[in-house]
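Colleague: I would like to go through this model with you, one point at a time. Please show it first.

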Amino acid sequence: MTIPLMQNSISAIPVKVSWLFPFFSILSKSIGSYQLLATQASPDEEVVPDEFLNQILSAKERSPEVSSEKLCTTYIDKLLKAGNSSAAAKLLQSLHEKHIFLSSNAYNLLLEAASEANSIGLLSQIFMDILVFNKPLSSTSYLNIAKAFTKTDDSVLLKFVREVSELTFPRNATILNRIIHAFAECSQIDKSLVIFDLMKSLKCKPDLITYNTVLGILGRAGRLDEMLHEFSSMGVANIAPDIISYNTLLNSLQKFGRLDLCSVFFREMSENGLKPDLRTYQALIEGFGRSGNLEEALRLFTEMKQGHIRSSIYIYRSLINYSKKMGKVELAMSLSEEMNACLPDLIGPKDFKQKNRQLRSLKQF
């Protein structure tokens, strides 16, 4: 089968293209025992990657001002959009055989294209390349991976996860942790948990961040029994919970009115030598305030201030709101005056936005 769309495709590419990074990187070192996961062409497909590659290189010679990255990425992208993932995979493999490798930006673009084309084989190949060549991955790239596996059987996903684990071991579990998080972001909670369960039997075991991620996923979904089970299993895995683990539990439990368990875990934190922070108190104050136990909420608020923990505008607003609901107008006014007096020192929306930006900037491979 010929691929007519490739004919004269170079002329369709804009000449005035400016990319920040060079596309080609000639590598002299070996890539070890890594095997490319190219999809196999069916018998009736005539795939000629060398011809495509020669067209790309010839076009680059004729028009050096045209970005090489754009040329190659466009070729592979068009093959994907035409439904010919086998040809795209063969072309990518041909580039590797000639020691020509893509830039980070190009790999991420192709990962997105493979996801949209639902080409699991090529997506796996591209992702493994990214890992082997230590290219950075954005959070969007992880989301593209999760979207591509949405409609696949778990067996296909688990095969992919095993391959990722083999490539990332003995490094930490960061890559698999981000894949788990991405599936949850795509509302594929069960697939996140399937990956988590598989990790327990792999060389690349779940770490503290893995458990904290899973606790958050289960807590937000209201699956409290499963959340508590995984929390208790941390001890079996010899992983000590940190302040994030406990805060995740407390925040999830208070939202569903399990204040009895909140008190238990709050005490356990202290027994384990962990000092509560703003998020700890915010979860507890919010929970007790909503339940009508304003006295306990105020006690915790006083304890927080005595511990010299910087308060937030949200805690004051919650206490003011619950005071009004309880008919304690004077208390609400007193809290409002206190909040206004120390407003410049309170943690507010800007602080949380800055924190979120910092977290997003860390979501790179």
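Colleague: Is phenylalanine 231 buried or exposed, and what is its relative accessible area?

Modeller: This is a predicted model, in which local features need pLDDT of at least 70, side-chain atom pairs count only at pLDDT 80 or more, and totals for chains, interfaces and linings use all residues. Residues are numbered from 1 along each chain as its sequence is written, and side-chain values use heavy atoms, with hydrogens and water left out. Buried means under 20% relative accessible area, exposed over 50% and partly exposed in between, with a 1.4 Å probe and protein chains only. Phenylalanine 231 is buried, with a relative accessible area of 8%.

Colleague: How many aromatic pairs does the structure hold, and which kind do phenylalanine 231 and tyrosine 246 form?

Modeller: Rings of Phe, Tyr and Trp (its six-membered ring) pair if their centres lie within 6.5 Å; planes under 30 degrees apart count as stacked, over 60 as edge-to-face and the rest as tilted. The structure holds eight such pairs. For phenylalanine 231 and tyrosine 246 the ring centres are 5.3 Å apart and the planes at 75°, so the pair is edge-to-face.

Colleague: Which helices hold phenylalanine 231 and tyrosine 246?

Modeller: Helices are DSSP runs of H or I with at least four residues, numbered from the N terminus. The pair ties together parts that are 15 residues apart in sequence, because phenylalanine 231 lies in α11 (residues 224-236) and tyrosine 246 in α12 (residues 243-255).

Colleague: Which helices does the pair of phenylalanine 266 and tyrosine 281 tie together?

Modeller: This pair is edge-to-face, at 6.0 Å centre to centre and 70° between the planes. Both phenylalanine 266 and tyrosine 281 are buried. Their parts are 15 residues apart in sequence, and the helices are α13 (residues 259-271) and α14 (residues 278-291).

Colleague: How far apart are the end C-alpha atoms of helix α10?

Modeller: The expected span is 1.5 Å times one less than the number of residues. Helix α10 (residues 208-220) has 13 residues and should span 18 Å. The end C-alpha atoms agree with this, at 18 Å apart.

Colleague: How many residues of α10 are buried, and what covers them?

Modeller: Ten of the 13 residues are buried, so α10 is largely enclosed by the rest of the structure. Among them are Tyr211, Val214 and Leu218. The cover includes α8 (174-185), α9 (189-199), α11 and α12.

Conventions: Helix = DSSP H or I, 4+ residues; strand = E, 2+ residues; numbered from the N terminus. Contact = heavy atoms within 4.5 Å.
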